[in-house]
Each structure stands twice: as C-alpha cells, then as structure tokens.
Amino acid sequence: MDMYAENILDHFQNPRHKGTLSAATISVEEVNPLCGDKLSLDLIIENGSIKDMAFSGSGCAISQASMSMVAEELNGKSLEEAEKLSKDTIYELLGVPISPARVKCAILSYALLKKSLILLKHQS
Amino acid sequence: MYQNQNLQQNQPMLNSQQLKKDFPILSRVINGKKLTYLDNASTSQKPQSVISAITDYYTNHNANIHRAVYTIAQEATLAYESTREAVKDFINARSAEEIIFTRNTTESINLVAYAYAATTLKPGDSVMVSALEHHSNLVPWQEVCRKTGATLKVIPLSGDPELRYTLDFEWFQKNIDASVKILAITQASNTTGTIVPVEKFIEVARAHGAKVLIDGAQSVPHMPVDVQQLDCDFLAFSSHKMLGPTGVGALYAKKELLETMPPFLFGGDMIREVHQQEATWNDLPWKFEAGTPNIADVIAFQEAIKYLRAIGMQEIAEHDQELAHYAKQQLEAIPQIIIHAPKNAKQMTGIISFEIPGVHPHDIAEIFNSDNIAIRGGHHCAQPLMETLNIPATARMSFYIYNTQEDIDTAIEAIKKVIKIFSPKK
C-alpha cells in the first residue's frame, strides 16, 4: 500500500509537463508490453539544454508518476545533467518501495529518456 | 495414498468452505492475511491428493515408461496410461487412442496447427477464429496462414447491445463457406467469461465441411464437456487450470484424423522401427508423444480428475456461475465500475472483468495484493479483444470450486479501498 503515497497519486492525477510539443527537437515512444503502459516524450533542445519537455501516454500510476517526476526534475537542465540521471535517481524521486513486478513500470520513463538522448547524439 | 479429508463422495451440494481445507496453499497467511485466490482462469490451486501423487511417484515408482520390464517401470507405465483412460472418460472420447498428452493447451493447438493445418491448407483456403480468442488460439493460426497462403477470418462480437461480449452468430452463418477448412474457437472466453454455444457453431461448420477445434482451456475445468455430443474434431485443454499440475496439456482428436496426420515432433518413443536413413511411426496415441513425457505430472493429473468427478462437473458449473453472478451484482452496486461481461448470467462462466475509470488495472491488482487477494490486471493474452473493446486492460476475478461469496465480499472491500485511494484529493 505504501506504493500509493501522496506524491505518487499527486503526480498521477496532476501530471506535470503533460502534453505534446509541436516544435520538438526529438520525439520518442516506449511501451511496457507487460502492463500496457505507453509513454511518448517530446524534447526541445537549445544550446545543450532542455528548454522544454512534455509527455503523453497512459498506464499505471507508477509509470505515469515516474515520468511526471522525471520531467519536473529535468526541465530546464543541461543535457549533461540529463545524462547523469540514473535508475536510482528515479527510485529516489518515487520515494516508495517498488516491488520486482513493478520495476518495468517505474523505469519506463528512464528508458524513454535514454532513448531520446541516444537519438539526439546520432542527430548531431 | 493420501485421501482428501474434506471431499465426500456424492455430497449433495458443493461446500466450498469445506473444500478449501484440501488445498494447503489456501491457508497460507501473508502479512497477517489469509490468501484469497481469485485468479483461477490463470491457473487453479492444487489439492493435497495431487501434490501427494507427485511425491508418491518420485518416492516409489520413478522409472521411464513404455519400455523397461522391471516392476517400477511397469507401475509407472500403468499409472501414466490410466490417466489417459481417465481423461478419455472425463470428456467422453471413444477411445484412449484419441487422447494425446502435451505440455499445455498452447502446445495442443500447435500440434493441430502444424500436423494437420500446415500439411493440408492451400492458398484460397481459410481458417476461422473468433474475436474472443486467447493468443494461444490465434497466433498459431496466423503462422499457419502465413506459411500456407490461407486466409485468417475472424468472427466478430455482436453489435446488438443486448448481446454485448457474445459472438455474432448471424455473421458466422453468412460468412462461412466451403473455403473455411478449420474453425478454431474458444468455448469460454478467459477475459469476458462469455460461454460460446459451440454446438451451434460446430453444426454449421460441419455442414460446410470445416473441421472444428475447440479451445477448452476455460471450459473443460468448469463445465461438463462431451466430445461425442459436441462432435468436434479437436479439443485442447490444460491440467493446471483444473486442479492438476502445470506442464501437462491434453489434445483430443478424432482417431480417423490422427491416423492421417504426420507426427508433430520426432524422436524417441514415437517410432515403431528406425533404420539409418528412415523410420516408421508408433501406433496412436504414442505417434504424437515424442521423447520422455512429463510422467509424474500426468500421473498426478489423474488425481485432479478424480477430485472433479467426485464433485460433479454440473455442480461445478453451477457453483462458478453463481459466484460470477453474485460478483456481478456486487460490482453493479458500485457506480464507478464498468463491467465487461455478457448481460445474461447464463452466458457467463466463473470469470468477470471490470474497470475503474482513472485507475489502471495493475494498480487495482497491486492494492488487492496488499490484502493478499490474487487477481489479474492486464490484457489477459487477448490483445486483439482489448483493441476491439477499445480498452488497454481490465482487472479480472475468476472463481473455482473453493471460492465462496465471502471471498467476493473481501474483493469488494478491496475495490472500495482502491476507489478511496484514487479519489481526487482537494
């Protein structure tokens, strides 16, 4: 039950940076076939920094709250800082115990972020 | 051998509270709470007699079957083959030669797809399945159609609001023709719990010359199924959903079809004579059982069949249906809930799928787990059905002989908890 702490439910029900960006520098999508969680992420990059980001998708509270927290954490930060974000950072942000069955939900946001950073490198 | 203390022969009514005592796992307490097991469509729990039969085989009779002359090998062979007789009687097949042991329902269906369909279908032919199929009765046919050039046709759900979640029989009657060589259809949906009146479909399919495979994974454990009465060509089901061990499936097939079919897997035990460059095949049913089979679990499967027969399949069908009906009534009393089940309780087996808008089914299942209640949240291996219904996933409760109305009451309390946790905060 600890998993549904106030901060998780707050981010799930009032997601930060939810939406799409038409001027996105890069857009990526990921699914968690186990749960059916779906996320897409748009990033606008300027001068090596995340000028704006937005995500859309649907899924369980953990996957959606995790993405919302990551967006809040990284918006306005440099790509260097984004690179440093690890799975552990995500567990810290979530701040609740994640059972092995829910790890994939929790780190879907991480997979999305990594994918976008790799694609960005290929673009430049 | 272990006797089930709580199962009395020919008891007048199914007493679930009594039966629970035969299933050791149901007294397991986690975090101070007793297990409420409501995921029987996924797999059933096992009575002590089944568990003991596995130990008994390895303790007293362990030997390979069909070959050796020594006593324990003869005992093992006899026990293995007597399960085949028990399966034959359970579904009323004509002879034990028509029963093949596999690993599970999926393998049973693959056996038919590879050894029958892939060797007979031609471009221009079709295979017909339904919108209710589990991936196991869909993906093998997709593959066979790709390999043979045959077309895959899908019987849709009825558009009539009164008949929601049931199959469109009229569409089927209009669209079946001589090109349809195989109808592969479920007898009970693992997602919506819909019971498909397969006898009607079989009659029409036969009139058009199609062979019929019934996916009995969710029906054989829960209702009387008589293959001679149905007159189906193939019936696939699994031991583990009917109190037996995992790793054992069964395929019923009409003898005249099995005789014309080539083997599915090749190697030991399925041969009569082997020369350096060629081989001939064993008699039925062993022609289709290559290699050392799952002897212990097949033997223990017989105890599961005994257990079910002592209760009676009609009693089980009524019990499961009553629980589903009760669960549906309780769910209907909660305004937020959307139920994905046929309107008519007579068309339902002991499975009920539902949604709570704004809460993902995995979160529902997670909160249920905090009270040690086992339910499933997800697409239930029926992604095309989810697409048709335009929902990403559902939460599903499924019942069996040991479930009681109290189990459902416990689940309803958990649902109220979910709604409370996810209610919008001010």
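In chain B, four strands make up an open sheet in the order S13-S14-S17-S16, with antiparallel pairing. Strands are DSSP runs of E with at least two residues, helices are runs of H or I with at least four residues, and both are numbered from the N terminus; two strands pair if DSSP finds at least two bridges between them. Strand S13 (338-340) and strand S16 (376-378) of chain B each have a single partner strand and stand at the edges, so one side of each is left without a neighbour in the sheet. From one strand to the next, the twist averages 30°. S13(B) and strand S14 (residues 351-355) of chain B run antiparallel and are joined by three bridges, and B:Ile339 stands opposite B:Phe354 in S14(B). Helix H12 (residues 361-369) of chain B packs on the sheet, where H12 touches S16 and strand S17 (394-398) of chain B, and the direction of H12 makes about 160° with that of S16(B). Axes are lines fitted to C-alpha atoms, for helices over the stretch in contact, and angles run from 0 to 180 degrees between N-to-C directions. Two residues are in contact if their C-beta atoms, placed from the backbone, lie within 7 Å.

The model is predicted; local features need pLDDT of at least 70 and side-chain atom pairs count only at pLDDT 80 or more, whereas totals for chains, interfaces and linings use all residues. Residues are numbered from 1 along each chain as its sequence is written, and chains are lettered from A and ligands numbered from 1 in the order in which they are written.

Chain B is divided into domain 1 (16-46 + 312-420) and domain 2 (53-309), with bounds that come from an automatic or database domain assignment. The contact takes 29 residues from domain 1 of chain B and 29 residues from domain 2 of chain B. On the side of domain 1 of chain B that touches domain 2 of chain B, H11(B) gives the most, with six residues.

The largest nonpolar core has 154 residues, and B:Val127, B:Leu183, B:Phe234 and B:Tyr252 have the most contacts inside it. Such a core is a set of buried Ala, Val, Leu, Ile, Met, Phe, Trp, Tyr and Cys residues joined through C-beta atoms within 7 Å, a residue being buried if 20 or more other C-beta atoms lie within 10 Å of its own. Helix H10 (residues 295-311) of chain B supplies the largest share of this core, 11 residues. Residues touched by B:Phe234 include B:Val112, B:Leu213 and B:Tyr252, not counting residues up to four places away in sequence.

Note on methods:
Buried ≥ 20, exposed ≤ 12 C-beta atoms within 10 Å, placed from the backbone.
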